[in-house]
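Please open the model in your viewer, with the sequence panel beside it, and follow the selections below in order.

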Amino acid sequence: MTPALQPLRRIAAYCVIADSDEFLLVRASAKAGTPGVWSLPGGAVDHGEQPVDTVVRETAAETGLSVAVARLRDVLADMRALPDRGLTIHTDRLIYEVTVRGGALRDRVGQPTDLARWVTREEAEQLPLRRFTADALGLREAAVDLRPDGVPEVPSFYAVPGPDGLHRAQRFAAYAVCTDRRNRVLLTRISDGYPGGGSWHLPGGGTDFGEQPGVALIRELVEETGQEGHIVELLGVASHRDAAQLGPEGYPIDWHGVRAFYRVQVPRSSRPVIHDVGGSTAEARWFDPEDLDELQLTEVTEEALRGAGLR
């Protein structure tokens, strides 16, 4: 049994670098929480940072290689217990595929990772791997992360003082470009008093501690609209920072949101019903694609609808 541990959330971005039948992995040093364990190159997304920039920056630091992001491969979440540090960490992880632009592989001294090596799948199976790395490479039996005994109770949103004294918050969320059999689009109107109040937005919202993005999205879809659907595909990820966002808290927050967007199909659509009354969703409605031009849409909604070919 793991003892009661302090919960911590973070967002991180990693990359799969493949060369023929080999993958590039990095090893955690004695300064890391899991020394000797191997993982994909990458690390935590700094406040306000674009995840693709995180991948490029962290890969260069950990391996000596310059990479270019090719595409988003997957979005997943995991929890791990670090009893020595008194922590249970939930990490939302963005996994990208990249190509190598140049540089030379090198080891590091006195840093959280100390080795970078090309390994075959067979060799990787013999290494202790972080769970997200084992999942990404399809080697689940090699995962060694310690799972916590349960999910701690954590507020879905909280802001902490930043280095400049302004409160800041980093939040991961999942949203749906949701359609039915008539190709209608499901949108929600943001309640007054919330950022973007009065605008039409995609259904979805922040994920809970210990929750996978896809599970969170289907839950939010039911809570906000009463619709039951299934995920068709992952469309992409967007990162947005508002350095002084005003919301129901009543004070400015340096806000950084990272959002995963999915294509969702509702096979049996019905009149939307809001079950989470009094929250950030004031109304939900189905729209024909030709009616979208008449709506005041949020910027991220415009971007996601274009990406799905609906604008």
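Select T225 to begin: its relative accessibility is 0%, so T225 counts as buried, a word used here for under 20% relative accessible area, with exposed meaning over 50% and partly exposed the range in between (1.4 Å probe, protein chains only). T225 belongs to helix α4 (residues 213-225), where helices (H or I, at least four residues) and strands (E, at least two) are DSSP runs numbered from the N terminus. Show the surroundings of T225 and, leaving out residues up to four places away in sequence, you will find it touching L186, T188, P203, P272, V273 and A284, contact being heavy atoms within 4.5 Å.

Before going on, note that this is a predicted model, in which local features need pLDDT of at least 70 and side-chain atom pairs count only at pLDDT 80 or more, while totals for chains, interfaces and linings use all residues. Residues are numbered from 1 along each chain as its sequence is written, and side-chain values use heavy atoms, with hydrogens and water left out.

Next, select helix α5 (residues 299-307) and colour V300, T301, A304 and L305, which are buried. Looking down the axis of α5, you will see these buried residues fall within an arc of 130 degrees, so they line one face of the helix; the arc is that of the directions from the helix axis to the C-beta atoms. An α-helix has 3.6 residues a turn, so residues three or four places apart point the same way. The face of α5 turned away from the buried side carries exposed E299 and G307, whereas the cover over its buried residues includes β10 (167-180), β11 (185-190), β12 (200-201) and β15 (253-266). After α5 comes G309, with a positive phi near 75 degrees.

Now move to β15, in which 13 of the 14 residues are buried. β15 pairs with β10 in the parallel sense over 14 bridges, and T179 stands opposite Q265 of β15; two strands are said to pair if DSSP finds at least two bridges between them. Strand β14 (residues 230-245) runs antiparallel to β15 and is joined to it by 12 bridges, with G236 having F261 of β15 as its bridge partner.

Which residues have the most contacts inside the largest nonpolar core? They are V75, L94, F172, C178, Y262 and V264, in a core of 27 residues, where a nonpolar core is a set of buried Ala, Val, Leu, Ile, Met, Phe, Trp, Tyr and Cys residues joined through side-chain atoms within 4.5 Å. At least two residues of this core come from each of β1 (6-16), β6 (65-82), β7 (87-103), β10, α4 and β15, and β15 gives the largest share, 5 residues.

Finally, display the open sheet of 4 strands, ordered β5-β1-β7-β6 with mixed pairing, whose edge strands are β5 (42-44) and β6. Strands β6 and β7 run antiparallel and are joined by 16 bridges, and R71 stands opposite E97 in β7. Helix α1 (residues 51-63) packs on this sheet, touching β1, β5, β6 and β7, and its direction makes about 90 degrees with that of β6; axes are lines fitted to C-alpha atoms, for helices over the stretch in contact, and angles run from 0 to 180 degrees between N-to-C directions.
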